[in-house]
Amino acid sequence: MRKFALLLTMILVVGVSALYAQTKKVTGTVTSSDDGATLPGVSVVVKGTTIGIITDIDGQYQLDVPSDAKTLVFSFVGMKAKEAEITGSTVDAVLEPDVIGVDEVMVVAYGVTKKESFTGSASSVKAEKLQNIPVTSFEKALGGNVPGLQVSSSSGQPGAASEVRIRGIGSFSADQNPLYVIDGVPVTTESTGVKYSGEEGSVSTPLSTINPADIESITVLKDAAASSLYGSRAANGVIVIKTKQGKAGKTKFTFNTSHGINDIATNNYETVSADQFVELMREAMMNTAKDIDGKSDADAQAWTDAMMNKYYPAPVSGQYADWQKELLRKGAVHNYELSANGGNEKTTFFASISANQTDGIAKNSDLERVTGRLNLKHNASEKLSFTANISFGSVKQNIALGGSYYANPFYSAQQLLLPTDPIRNPDGSYTEASRFNYYNMAREYSLNERSSDTWRTSINSSAEYKIIEPLTFKTTIAYDWIDTDNLIYSSPISRSGRQNKGEVYRNNRKNKRLTSSSILTFNKTFAEDHNFNALVGYEVEDENTTKLIAEGYNVPQGLQVLDASSKPTSVGGSDSKNRMISYLGKVDYNYKGRYYVSASIRRDGSSRLGADERWANFWSVSGSWRLTEEDFMQGVSWLDDFKLRASYGTNGTLPVDWFGHKALYSVGAYNSEPAINYTQIANPNLSWEESHNLNAGFDFRFKERFSGSFEYFVKNTTDMLMEVPLSRVTGFSSMWQNVGEMKNKGWEFTFNADILRKSELTWNASFNLSHYENEIVKLSNGESIFTFPYIRKEGEAYNSFYLRDWAGVDPETGKAQWYVIDTATGKRAKGDNGEEIKTTDPTKAAKAIVGKADPDLMGGISNSFGYKGFTLDFLFNFSIGGDIYNTASYSMESDGNAPKYNIMTTQLDRWQKPGDKVSAPKRYWNSDTKSNWNSSRRVHRNDYLRLKNVTLGYNLPKSVVSKMKLSNVKVYFTGTNLLTFASQDIVDPEQPVHGSSTWEIPTTKTYTVGVSIGF
């Protein structure tokens, strides 16, 4: 027996020796081509075998390979796989980002997925697209990067909210903004600032409390298959944000700072010079005196001289006022960011802190932001892990009033305050008002204040436990707290505050949202070919908003606190709660990576709805087929991937009003006694707006360089909320009901090209194009709604302009003309000779649909170049078709009919003598010639192409950087909105989605220079 054991031992020793004799040791380091940083967790495998290992926290590996092995394969999520020949004992690898690979990982609803297995419609934007762009809120940088996504800045004021629309308008009256989800948790985006009636959009947004540099990726979910798991809040699409996480390895620091200036991007409502202003006013007066009043030339001249001296006198100093220079300026941008990430195999972290100072183009508007973030992940064991994402943001704003208010600096500078109105008195003090009694806003701004201070704290923590191999349980608890203090102060010596001897208004709003979710995930492959992924979950959301308002009069100069007011005038407040409970489930199946099927369902219950309609189900089904995995496609070597996909499903929109379904009462006073008033009729049947979404398309990739997609979509929205008229017998004029229907349909196309990649010069390009049509399908009793300048009519687009049809200027008389409309057809009437009939009497020109705001095509073109350390990235966005309504025309293109207001340069092209073919009629001063009556004269085609972003950078050579003990140094220049080519030059073409120009602070262009240092 001993002899047998000895023999067996000798055989084993010889066998093992022979085995070792057939292997060799290979070591190496894997780095990223982006910044030269080492990459931990990279898979290193001997080609054609299962022999492999992953790199350690320093990006290094050590592997015993067969002696006849020739090639190693390196692969890592988000990077292009690379093969390297084994030519010695050391094999290093540099991996490049995989910008168009099917293995790209996408963040989707309640998890991540590979692009190849995703059956819905979504577009991703990586951090590189947002990097170094000087915006105060990240969504402003998305325009042109995502097909089907419209981003319009309602105001150029620092920190103001943007309008974001995904595949068109989603509602008449409910919220039209998408749902925002940060690190898996839906967050509040409703502004807590004070909005004046008539201001466009919100002057502040909670999204500005997030540092764009903390974002790793943004995914826009567009169809039901992508967003139905968010149910009742996803009808307008979902924007999923993933913040940066730590990576195992040595702690790496990055410091970035940039500084620059901003200015108005385009000349909005460009006004004539002072001399031209005087010339046009004098001409209008002379025409009025002679043509309307019948004065002789001499009398007309004398009357005109007297009137000009009264209303528009020449300044004693000989220098006319420049109100734009007095109220507006070139702003400034200063940004500082410091971040660190690292950790070990157990614990990783990402931490950052940033500070931003942005001075707006209005002298009384600016923003100061400080943010901080700490993202932690700890693997307690192979089965249990924890994450905690903690962030804070402090945003302080000085805010210029918007809308058509005298206190709006832009409105005052462009329209109300004239070049003949002096800014200062002879002694150097400010004048109080213009000759037409509009406030001198330079004086008012030196005395008054409007500000908003927002503090936001977010905590998102989770625990994940791998129960057994296919089952994982994850629970998440998140708390989002937003606290905003708003101040409006009017000095007792200002004109606005004089009547009440000074005013202080304080408005404090708090929004608290607690979210809890529990998700059980099943992931298993059966018989190698059948892959299942399923999840079930339960989610609870509790939101609480409190508001406290107080106002006081008779406040001493300079004191901006309520205690200083000797006359308290009002105190008010509210406490509102909103809750939702949800159950959700999803199943994904694929066979051999060839056929994919997915189904999801979510059941939501909301306190915003009555007991009869509180619960609703939202669902989706989708599938895809990767044809390139079929045997009959194997001979098509140039086609790397081709996938057909389709989806159908539902999601919804909740009412904006949390208590729209309830019978409400208010407590007041009657004959000096407490009284309760009935203020709202109950509607227990008030329900969700529901969207039914169809999406079909295909994805492709060929020659390992080119990729793209095309998809067609139809979204039908039913049960839309409308205010329906009621009989006055009820004591109310209207109530909310679910009666409207609307349809959006269109298509999207994306094409990406990795044109040059294996030379010193690299070039990547991307192009996206989208089209959608909007149609109102159903209104209450089929009755059209007229809301100037729009008509809401069945069969027409929601933003259709309904005005008289302008026919231009009669070249012989200089009179304004309009087309006569055939009321039976809604088209221009024709005479017996077949010519269109015109009239100089606007009362005989019926209104008609003369345009719509929705563009026919919109998209973006981006390019990225690299050469020996230099990088150049730029993005153009564009829009073709669609119209814009010029709000200022009535006053500033009045042909002299509005003598109190400034004049746009378009008025220079006016009629002066018979035969003139011009755009503006003959001028008359303060005479109702009706030429400026509302008509399509104010509707303009709104095609444009804009250089949205451009960044030129230079990475210092490694040989230079290493001597400074740094890992990388990059210097760069960034510009936004630098060039604009538009079919109209009246206002900035990127107006709100409704298409009417506004008097908000205009969109700005910026120039910044910066440096980014890694160490």
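Visitor: Which residues does Asn651 touch, not counting residues up to four places away in sequence?

Guide: This is a predicted model, in which local features need pLDDT of at least 70, side-chain atom pairs count only at pLDDT 80 or more, and totals for chains, interfaces and linings use all residues. Residues are numbered from 1 along each chain as its sequence is written, and side-chain values use heavy atoms, with hydrogens and water left out. Contact means heavy atoms within 4.5 Å. On that basis, Asn651 touches Ala224, Ser227, Ser228, Gly231, Ala234, Ala235, Phe618, Glu689, Glu690, Ser691 and Asn693.

Visitor: Is Asn651 buried or exposed?

Guide: Asn651 is found in strand 29 (residues 639-653); helices (H or I, at least four residues) and strands (E, at least two) are DSSP runs, numbered from the N terminus. Buried means under 20% relative accessible area, exposed over 50%, and partly exposed in between (1.4 Å probe, protein chains only). Because its relative accessible area is 2%, Asn651 is buried.

Visitor: With which side chain does the side chain of Asn651 make a polar contact?

Guide: A polar contact is a pair of N or O atoms within 3.5 Å; within protein, one must be able to donate a hydrogen and the other to accept it, and residues adjacent in sequence count only if both atoms are side-chain atoms. For Asn651 the distance is 3.1 Å, and the partner is the side chain of Ser227.

Visitor: How many residues of helix 7 are buried?

Guide: What covers the buried residues of helix 7 includes helix 6, helix 8 and helix 10 (889-892). Among the buried residues are Pro409, Phe410 and Tyr411. Helix 7 is mostly covered, and the number buried is 8 of its 8 residues.

Visitor: Which residue has a side-chain oxygen that reaches the backbone nitrogen of Phe410?

Guide: Phe410 is one of the buried residues of helix 7. At the start of this helix, a side-chain oxygen lies within 2.9 Å of the backbone nitrogen of Phe410, and that oxygen belongs to Asn408.

Visitor: How far apart in space are Phe172 and Gly740?

Guide: Phe172 is found in the loop between strand 12 (162-166) and strand 13 (179-182), and counts as buried at 12% relative accessibility. Its contacts, leaving aside neighbours within four places in sequence, include Gly740, Glu741 and Met742. Phe172 and Gly740 are 568 residues apart in sequence, yet their C-alpha to C-alpha distance is 8.2 Å.

Visitor: Which backbone oxygen lies 2.7 Å from a polar atom of the side chain of Arg757?

Guide: Arg757 has its place in the loop between strand 34 (734-756) and strand 35 (761-778). At 17% relative accessibility, Arg757 counts as buried. Its contacts, apart from neighbours within four places in sequence, include Lys80, Glu96 and Lys703. The backbone oxygen in question is that of Glu704.
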